[in-house]
Amino acid sequence: MAQSLGYLKETPSQTAGPYVHIGLTPNFCDITGVYPQDLGTALVNERTQGERIVITGRVFDGAGAPLKDAVVEIWQADAAGLYNSPSETRGSADPHFAGWGRGPADAVTGEFRFETIKPGRVPYPDGRPMAPHVTLWIVARGINIGLHTRLYFPDEAQANAADPVLARIEHRDRVSTLIATGTAPHYVFDIHLQGPQETVFFDI
Amino acid sequence: MFDKSNSQPETGPFFARDRSWHPPAYTPGYKTSVLRSPQRALLSLGSTLSEITGPVFGHAMIGELDNDLIHNFARPGESAIGERIIVHGRVLDERGRAVPNVLVEFWQANAGGRYRHKKETYLAAIDPNFGGCGRTITDADGAYAFRTIRPGAYPWPNGVNDWRPAHIHFSIFGHGFVQRLITQMYFEGDPMIWKCPIVNAIPDRSAIEQLIAPMDWGNTVPMDSRAYKFDIVLRGRRSTLFENRREGN
């Protein structure tokens, strides 16, 4: 009998459910007076470095209806391409930019919205620069395990063409599902959970 | 005791997620998943810096009553109605190491199974002294605790007569964004657990058992609150034994 590796199993995921807002954005669903403000609603202040941008979008189901109960979180580098994280070993990120945001879908339109900055480039493990991108994580009723995807920018065609992650998408017509539309400073990133326009989701 | 002050921050890639342990996206017994599940395969991606990093939250953001759901929405001098319980445990990674200083958020229905949410229409009454949200940050040992009332079961429009078992929703951050996890805690001995299509989206019975918190007599406070213990395991990080990688990551 060999030794036991002794690893634990990851706690299994469950759906966030329709009332996810109670826990993640209580003020948004009228539970006021518990937290001063909802976390992740303000990414930038006047001292944050970088180009101000706005990202909006909607999450659509397989019948083409927007989800009105989704919550989207974003994680991104600062304007210099550094992450505000203890695991960032290349330098210190902008202290006025946490890099993380949380956006509930509007209860009527389904639109989520982030006011942030355009991220700088971050190296792939082999040292090649990845194109500027924002990581997104989507949870909602009906989604059993949070979905990871990436937003790339439509005005970075050259960088996108050389991006090592986009290069791994075998069916090239799917690359466009990760590239936002719109023009600076307002980019639109719609997410399709299922169907002919299905967004590329990652196992990372 | 392991000397934490002598340890470097971990920067290694994360263990791959065992997706046969988690619920798959498409679980038709849970009807909403039918139109909200991707049909194409996920694109496997080795960890880049964008995945192995993640946000940190300071203890300073936590208010005094944030982990006390009995009082954090109650009028002065009043408290929520229901069975008073303490829920506590540790956040660990798959290597069994504590995950300190991470944000844990939780939300739940009141003792009658009613959520304080405008889209909720269940006829059980709102408790004027119960909001249903809480949060805390794990300590140096990865431990967390909060005080609440035991939530009630509630009916939901899935099958004709489906009821959710009593549960508390948890949202956990780790140190990398790919450790991000939302799950639900259930209570030991609840016969409704095994009837629930959301629970049964998880294919493996022992994975379901990982979501069931045992009653913890040892930590029960006499004449005050019973306790339940719920440990949470996040993805582990590879030891950086021999990494053949270039400068920059």
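A charge sits over a ring if NZ of Lys or CZ of Arg is within 6 Å of the ring centre and within 35 degrees of the ring normal. This is a predicted model, in which local features need pLDDT of at least 70 and side-chain atom pairs count only at pLDDT 80 or more, while totals for chains, interfaces and linings use all residues. Residues are numbered from 1 along each chain as its sequence is written, chains are lettered from A in the order in which they are written, and side-chain values use heavy atoms, without hydrogens and water.

Q: Over which ring does the charged end of B:Arg205 sit?
A: The charged end of B:Arg205 is 3.9 Å from the centre of the ring in question. That ring belongs to B:Trp194.

Q: What is the angle between the planes of A:Trp100 and B:Phe57?
A: Rings of Phe, Tyr and Trp (its six-membered ring) pair if their centres lie within 6.5 Å; planes under 30 degrees apart count as stacked, over 60 as edge-to-face and the rest as tilted. The search of the whole structure finds 19 aromatic pairs over all chains. A:Trp100 and B:Phe57 form an edge-to-face pair, 5.1 Å centre to centre, and the angle between their planes is 90°.

Q: Are A:Trp100 and B:Phe57 buried or exposed?
A: Buried means under 20% relative accessible area, exposed over 50%, and partly exposed in between (1.4 Å probe, protein chains only). By this criterion, A:Trp100 and B:Phe57 are both buried.

Q: Why does B:Tyr26 count as partly exposed?
A: B:Tyr26 lies in the segment before β1 (43-44) of chain B, where strands are DSSP runs (E, at least two residues) numbered from the N terminus. B:Tyr26 counts as partly exposed because its relative accessibility is 48%.

Note on methods:
Helices (H or I, at least four residues) and strands (E, at least two) are DSSP runs, numbered from the N terminus.
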